[in-house]
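Thanks for making time this morning. I have one structure to go through, so please have a look at it before I start.

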Amino acid sequence: MAKKDVMEVIEREWNAFVSLADSFNEEDRVRPGAIGHWNVLEGLLHIAAWDNETILLVRLFEESGAKPGWQGQSGDTLDELNEGHVAARRNLNPSLIWAHFKDTHQSLVGFLQTCDEHVFVEGTFTGDAIITETWKHYQGHGQDFTRFKESL
């Protein structure tokens, strides 16, 4: 996919995910089970963490050719990383969680807009990481939120 196309898909799927998350009432946003044992707000923190990880991994790879330490790690190691990301901000006020979630995404979009076209090429480390950690990630957890909503 071309950079322009990737950016359009990211925004489309981001907006769909935001709309879905926003459709939960305050009580259901803190009810466990939206994504595994996490509630909706914790799911937002998780997505924000991976938007940030995407910035870091693209920057690291472009500057040095190095891949992040979590690359190729087992499920338990990634689970611990994910839980650590969420735990760091879990106790924030819901409005601050939403602000962090949206601000992190804007940082990601701003960063990606500065990247050269080659960064987005499918089949490359950065291209595949961007696709996986952005719009496919939003879609996957959007499906989790949909199932959760149907279970309420």
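Is Glu-42 buried or exposed? Keep in mind that this is a predicted model. Glu-42 counts as buried, because its relative accessibility is 11% and the cut-off for buried is under 20%.

Let me stay with Glu-42 for a moment. Glu-42 makes a salt bridge with Arg-90, and the closest N and O atoms of the pair are 2.5 Å apart. The glutamate sits in helix α3 and Arg-90 in the loop between α4 and α5, so this pair ties together parts that are 48 residues apart in sequence. Arg-90 counts as partly exposed, with 28% relative accessibility.

In general, side chains of opposite charge can pair when their charged atoms come close.

The next one is between Arg-31 and Asp-28, with the closest N and O atoms 2.9 Å apart. Asp-28 is buried, at 12% relative accessibility. Arg-31 is partly exposed, with a relative accessible area of 32%. Both residues belong to a network of salt bridges that also takes in Glu-27.

Then there is helix α7, residues 135–151. Here Arg-147 forms a salt bridge with Asp-144, and the closest N and O atoms are 2.7 Å apart. Both residues lie in α7, three residues apart, which is about one turn of the helix. An α-helix has 3.6 residues a turn, so residues three or four places apart point the same way. Asp-144 is buried, with a relative accessible area of 18%, whereas Arg-147 is partly exposed at 49%. What does Asp-144 touch, leaving aside neighbours within four places in sequence? Asp-144 is in contact with Ala-34 and Ile-35.

Glu-13 is placed in helix α1 and counts as buried, with 14% relative accessibility. With neighbours within four places in sequence set aside, Glu-13 is in contact with Trp-135, Tyr-138 and Gln-139.

Now to α6, residues 125–133. How many of the nine residues of α6 are buried? Seven of the nine are, so α6 is largely enclosed by the rest of the structure. The buried residues are Phe-125, Thr-126, Gly-127, Ala-129, Ile-130, Ile-131 and Glu-133. As for what surrounds them, the buried residues of α6 pack against α1, α3, α5 and α7.

Phe-125 comes up again from the side of Lys-67. Lys-67 lies in the loop between α3, residues 40–64, and α4, residues 75–87. Apart from neighbours within four places in sequence, Lys-67 is in contact with Leu-60, Phe-61 and Phe-125. The lysine counts as partly exposed, at 47% relative accessibility. From Lys-67 to Thr-77 is ten residues in sequence and 16 Å in space, C-alpha to C-alpha.

Last, the surface. Where do acidic residues gather in a patch of negative charge? The patch is on the surface and is made up of Asp-5, Glu-62, Glu-63, Asp-116 and Glu-117. Asp-116 lies in the loop between α5, residues 94–114, and α6. Glu-117 lies in that loop between α5 and α6 too, and is partly exposed, with a relative accessible area of 43%.

What does Glu-117 contact, beyond its neighbours within four places in sequence? Glu-117 is in contact with Met-1, Ala-2 and Lys-3. The C-alpha atoms of Glu-117 and Met-1 are separated by 9.6 Å, though the two residues are 116 residues apart along the chain.

To recap briefly. The Glu-42 and Arg-90 pair ties together α3 and the loop between α4 and α5. The Arg-147 and Asp-144 pair lies within α7. Helix α6 is largely enclosed, and a negative patch that includes Asp-116 and Glu-117 lies on the surface. I will stop there and take questions.

Note on methods:
Residues numbered from 1 in each chain as written. Predicted model: local features only at pLDDT ≥ 70, side-chain atom pairs only at ≥ 80, totals over all residues. Heavy atoms only, no water. Patch = residues over 30% accessible without salt bridge, like charges linked within 9 Å, V, L, I, M, F, W, Y side chains within 5 Å. Areas by Shrake-Rupley, 256 points an atom, 1.4 Å probe, with all protein chains shown as cover. Salt bridge = Lys/Arg side-chain N within 4 Å of Asp/Glu carboxyl O. Lys, Arg positive; Asp, Glu negative; His and termini not counted. Charge placed at Lys NZ, Arg CZ, Asp CG, Glu CD. Helix = DSSP H or I, 4+ residues; strand = E, 2+ residues; numbered from the N terminus. Buried < 20%, exposed > 50% of the residue type's maximum accessible area, 1.4 Å probe, protein only. Contact = heavy atoms within 4.5 Å.
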